[in-house]
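Take the strands, the charged pairs and the aromatic rings in turn. Keep the model in view while reading.

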Amino acid sequence: MSIIEIFEPALCCSTGVCGPDVPQELVTFSADVEWLGRQGIQVVRYNLASEPGAFANKPTVLEFLQLSGSGGLPLTLVAGAFAMAGRYPTRDELARW
């Protein structure tokens, strides 16, 4: 089974679902990640603000950041391979992976 890794821009908390003005895409994505967990699929989220080492220690992610900068995040890897960048995957995309 593939591990899905999401490398996110700097967020105020681990999910970005905090504070008075939460973007709907983060609410939806967090619900989709919870749904995948109930299906037995592992999704790991890394926040640039709190886990910069996770970004620096992954060559694919480090190269992406050097080319695109943090403005290109979020970046999605599936089984260590590039799958998507610039937006959060939909539930259908997550389920397909």
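A salt bridge here is a side-chain nitrogen of Lys or Arg within 4 Å of a carboxyl oxygen of Asp or Glu. The model is predicted. Asp 32 is buried, at a relative accessible area of 7%. Arg 91 is partly exposed, at 31%.

How many salt bridges does the structure hold? There are four. One of them joins the side chains of Lys 58 and Glu 5, at 3.3 Å from N to O. This pair, too, links distant parts of the chain, 53 residues apart. Lys 58 belongs to the loop between helix H2 (52-56) and helix H3 (59-68), while Glu 5 belongs to strand S1. Is Glu 5 buried or exposed? Glu 5 has a relative accessible area of 8%, so the residue counts as buried, the limit being under 20%. Lys 58 reaches 27% and is partly exposed. Arg 87 and Glu 93 form another bridge, with the closest N and O atoms 2.7 Å apart. Arg 87 is partly exposed at 37% relative accessibility. Glu 93 is buried at 12%. In general, side chains of opposite charge can pair when their charged atoms come close.

Glu 5 stands opposite Leu 77 in S3. Strand S1 (residues 4-8) pairs with S3 in the antiparallel sense, over four bridges. S3 pairs with strand S4 (residues 81-85) as well, again antiparallel and over four bridges. Here Val 78 stands opposite Ala 81 in S4. Two residues lie between the strands in the hairpin of S3 and S4, and Ala 79 takes a positive phi near 55° there.

Now look at the side chains of S3 (residues 75-78). Which of them point the same way? Leu 75 and Leu 77 point one way, Thr 76 and Val 78 the other. All of these residues are buried. In a regular strand the side chains alternate between the two faces of the sheet.

The rings come next. A search of the whole structure finds three aromatic pairs. In one of them, the ring centres of Phe 7 and Phe 55 lie 5.2 Å apart. Their planes meet at 80°, so the pair is edge-to-face. Phe 7 lies in strand S1 and Phe 55 in helix H2, and the pair links these distant parts of the chain, 48 residues apart.

Phe 29 and Tyr 88 form another pair, with ring centres 4.7 Å apart. Their planes stand at 40°, so this pair is tilted. Phe 29 lies in helix H1 and Tyr 88 in the loop between S4 and H4, so the pair ties together parts that are 59 residues apart in sequence. Phe 29 is buried at 1% relative accessibility. Tyr 88 is buried too, with a relative accessible area of 9%.

Which residues do ring pairs link into a cluster? They are Phe 7, Tyr 46 and Phe 55.

Conventions
Residues are numbered from 1 along each chain as its sequence is written. This is a predicted model: local features need pLDDT of at least 70, side-chain atom pairs count only at pLDDT 80 or more; totals for chains, interfaces and linings use all residues. Side-chain values use heavy atoms; hydrogens and water are left out. Buried means under 20% relative accessible area, exposed over 50%, partly exposed in between (1.4 Å probe, protein chains only). Two strands pair if DSSP finds at least two bridges between them. Rings of Phe, Tyr and Trp (its six-membered ring) pair if their centres lie within 6.5 Å; planes under 30 degrees apart count as stacked, over 60 as edge-to-face and the rest as tilted.
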